[in-house]
Amino acid sequence: MSKSGAIASKSTSPSDGQPNSQPDSQPVSVENQLKKPRGLTLFRRLEWVLSPVTYLERTKTDTPDFFEEDTLGFGTGSTVITSHPEAMQYILTRDRTTFSAPGDFNRILSPFLGTQSVIMLSDQQHKVRRQLLTPAFHGERLTVYGQLICDLTKELAGALPKNQPLPIRQLTQKISLQVISQIVFGFTDGPRSKEIMATLAAAADSVGSPASAALLFFDGLQRDLGPWSPWGKFLRKRQKIDDLVYAEIRDRAAEIEKDGGKANSERTDILSMLMASRTEDGEALSEQELRDELMALLFAGHETTASAMAWAMYWIHQLPDVKEKLLAELDQLGPEADPMAIAQLPYLTAVCKEVLRRSPVAMFTFPRTAQEPVDLMGYRFPAETTFLGCIFLTHQREDLYPAPKEFRPERFLESKFSPYEFIPFGAGSRRCVGEALARYEMKLAVASMVANYRFELADQRPENPVRRGVTLTPERGVPMILKGTR
Ligand code: HEM
């Protein structure tokens with residue numbers, strides 16, 4: 001990739017059926033080369049880390065559809081960001097052929113997730129690991145988790161102190177942590193699992209504010225200067241989680257050994273499944289591979305969903321009309337509704353989609369790198385160009401979502417959006433493994449909170465999205481007051 005500023009030139013020849021909005025031969029034109037957002041590199045990098053939404057909003061008018069950036073922390077060269085659905089579709093449907101989706105670009109996450117999880121693997125290893133994990137988050141397995149999600153939500157919400165303002169994200173984080181812990185380990189109530197969950201939440205909090213997220217983006221800050229230094233604190237929490245996770249892995253291995261080398265076939269949790277799996281050469285996963293995969297699923301599986309559910313509670317309680325329509329729909333099903341019936345409710349589904357559109361948790365898809373020169377929408381990109389799909393900006397496009405700042409679930413009842421127009425979970429070979437679980441969990445937990453309890457917003461000021469690690473979350477965590485049951 002050229003590092004000398006603009007890397008794309010106006011395409012001079014459209015190639016075999018690739019999208020190209022101006023198919024006639026065009027001279028290479030400087031005006032049509034990609035721009036970077038305004039500002040000095042260091043300023044842009046700081047703005048990107050500390051205030052990503054301001055940074056992205058700024059690019060909407062200056063550099064719509066595509067822009068080039070070298071400050072985001074992916075690789076060493078420039079990266080091209082796109083929010084155009086046609087470009088997204090082009091890239092994400094070819095991300096095992098024309099493009100590759102290398103896991104090591106996600107190394108910014110390696111302090112948490114190590115290097116051996118599905119998120120970090122590439123090529124064939126990535127494909128095999130995904131095939132192993134996917135069934136645990138789909139179909140029949142999902143229906144098993146439905147009642148658990150409803151019961152857990154009711155129990156945890158019911159235990160909140162009444163008439164006291166509390167950030168609802170604390171509740172939604174407890175729900176999502178317990179759900180993913182149950183799926184990953186098969187238990188939530190033992191002392192070890194409680195300790196794992198508490199330490200995980202604390203580790204996520206330690207890079208939870210925009211300023212502390214700088215620890216992830218600026219390697220130079222990753223110095224262990226003792227237990228009170230920011231990085232030192234993080235490392236000690238991680239060590240504690242590792243000790244607990246490795247202890248669980250060893251106990252399970254000892255159990256298998258005791259049973260004559262056979263895994264307990266009644267166990268359906270992911271750890272048991274991963275321990276029973278073998279590569280083509282008959283190899284079992286190493287302890288480090290198991291640890292990294294568990295960490296990836298625990299982190300990716302709870303942080304994102306917790307924020308999405310907190311946003312849902314914010315929008316529902318901010319807009320009385322939305323709440324009224326939702327309650328009318330939920331009340332028709334009655335108090336003991338089947339989780340699958342809840343998940344199929346059209347208005348609830350539209351509300352959850354609009355939450356993920358208006359307040360997306362993931363700003364970007366993971367990176368995809370061109371393996372050859374690519375002609376795309378009138379631009380020619382050299383081989384090795386790295387692309388990021390900007391979910392945040394796609395969901396803010398006026399041409400797709402008129403008045404995009406308005407929260408209007410009806411959009412999803414009135415129109416259908418393609419998977420590249422509404423793309424909260426990415427697409428292609430790295431599409432979110434937990435998408436079906438996240439959608440299901442979000443609907444069931446939100447329905448259980450709203451149908452069974454009377455919550456009110458404790459603070460009428462608007463909630464703004466701020467960085468939490470590599471995701472966006474409501475700035476104040478949505479302070480709410482539990483008034484009682486319904
Ligand atoms: C609202 C909740 C969630 C959102 C918005 C979200 C979003 C995303 C996005 C945008 C990607 C990258 C996709 C791409 O590059 O095309 C991703 C990947 C991933 N997500 Fe999620 N996610 C959520 C919940 C979950 C849950 C519950 C799990 C639990 C297992 C999970 C596990 C993963 C994993 C393992 C990957 C990496 C997939 C790969 O590299 O092949 N996510 N997610």
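Analyst: This is a predicted model. Start with two helices, H12 and H18, the latter spanning residues 435-452. Their axes come within 10 Å and cross at roughly 40°.

User: Which residues make the contact between H12 and H18?

Analyst: H12 gives Thr305, Ala308, Met309, Ala312, Met313, Ile316 and His317. H18 gives Ala438, Glu441, Met442, Ala445, Val446, Met449 and Val450.

User: What makes H15 roughly perpendicular to H18?

Analyst: The angle. H15, residues 346-358, packs against H18 at about 115°, with the axes 10 Å apart. The perpendicular class covers 65 to 115 degrees. H15 is therefore roughly perpendicular to H18. This crossing is right-handed.

User: Which residues of H15 and H18 make that contact?

Analyst: On H15 they are Leu348, Thr349, Cys352, Lys353, Val355 and Leu356. On H18 they are Arg439, Met442, Lys443, Val446 and Ala447.

User: How many residues are in the largest nonpolar core, and which have the most contacts inside it?

Analyst: The core has 124 residues. Leu56, Phe137, Leu171, Phe185, Phe364 and Phe455 have the most contacts inside it. Helix H12, residues 287-318, supplies the largest share, 16 residues.

User: Why is this core said to lie between domain 1 and domain 2?

Analyst: Domain 1 covers 1-94 + 361-394, and domain 2 covers 95-360 + 395-485. Both give residues to the core, so it lies between them. A second, separate core has 14 residues, including Tyr90, Ile91, Phe99 and Phe381.

User: What is the contact between domain 1 and domain 2 made of?

Analyst: It takes 41 residues from domain 1 and 44 residues from domain 2. The C-alpha centres of the two domains lie 29 Å apart.

User: What does Phe185 touch, beyond its neighbours within four places in sequence?

Analyst: Phe185 is in contact with Ile196, Val245, Glu248, Arg252, Arg267, Asp269, Leu271, Leu294 and Leu298.

User: Where does Lys194 lie, and what does Lys194 touch?

Analyst: Lys194 lies in helix H8, residues 191-206. Leaving out residues up to four places away in sequence, Lys194 touches Thr188 and Asp189. Phe67 is 127 residues from Lys194 in sequence, and 44 Å away in space, C-alpha to C-alpha.

User: Why does Asp65 count as partly exposed?

Analyst: Buried means under 20% relative accessible area, and exposed means over 50%. Asp65 is at 25%, so partly exposed is the label. Asp65 lies in the loop between helix H2 (52-62) and strand E2 (66-69). Its phi is near 70°, a positive value in a residue other than glycine.

User: How do you know that Ala403 is partly exposed?

Analyst: The cut-offs are again under 20% for buried and over 50% for exposed. Ala403 is at 34% relative accessibility, so Ala403 counts as partly exposed. Ala403 is found in the loop between helix H16 (391-394) and helix H17 (411-414). Phi of Ala403 is near 50°, again positive in a residue other than glycine.

Note on methods
Residues numbered from 1 in each chain as written. Predicted model: local features only at pLDDT ≥ 70, side-chain atom pairs only at ≥ 80, totals over all residues. Heavy atoms only, no water. Core = buried A, V, L, I, M, F, W, Y, C linked by side-chain atoms within 4.5 Å. Buried < 20%, exposed > 50% of the residue type's maximum accessible area, 1.4 Å probe, protein only. Helix = DSSP H or I, 4+ residues; strand = E, 2+ residues; numbered from the N terminus. Domains from an automatic or database assignment. Contact = heavy atoms within 4.5 Å. Axes fitted to C-alpha atoms, helices over the stretch in contact; angles between N-to-C directions. Parallel < 35°, antiparallel > 145°, perpendicular 65-115°, else oblique. Left-handed = near helix turned anticlockwise from the far one by under 90°.
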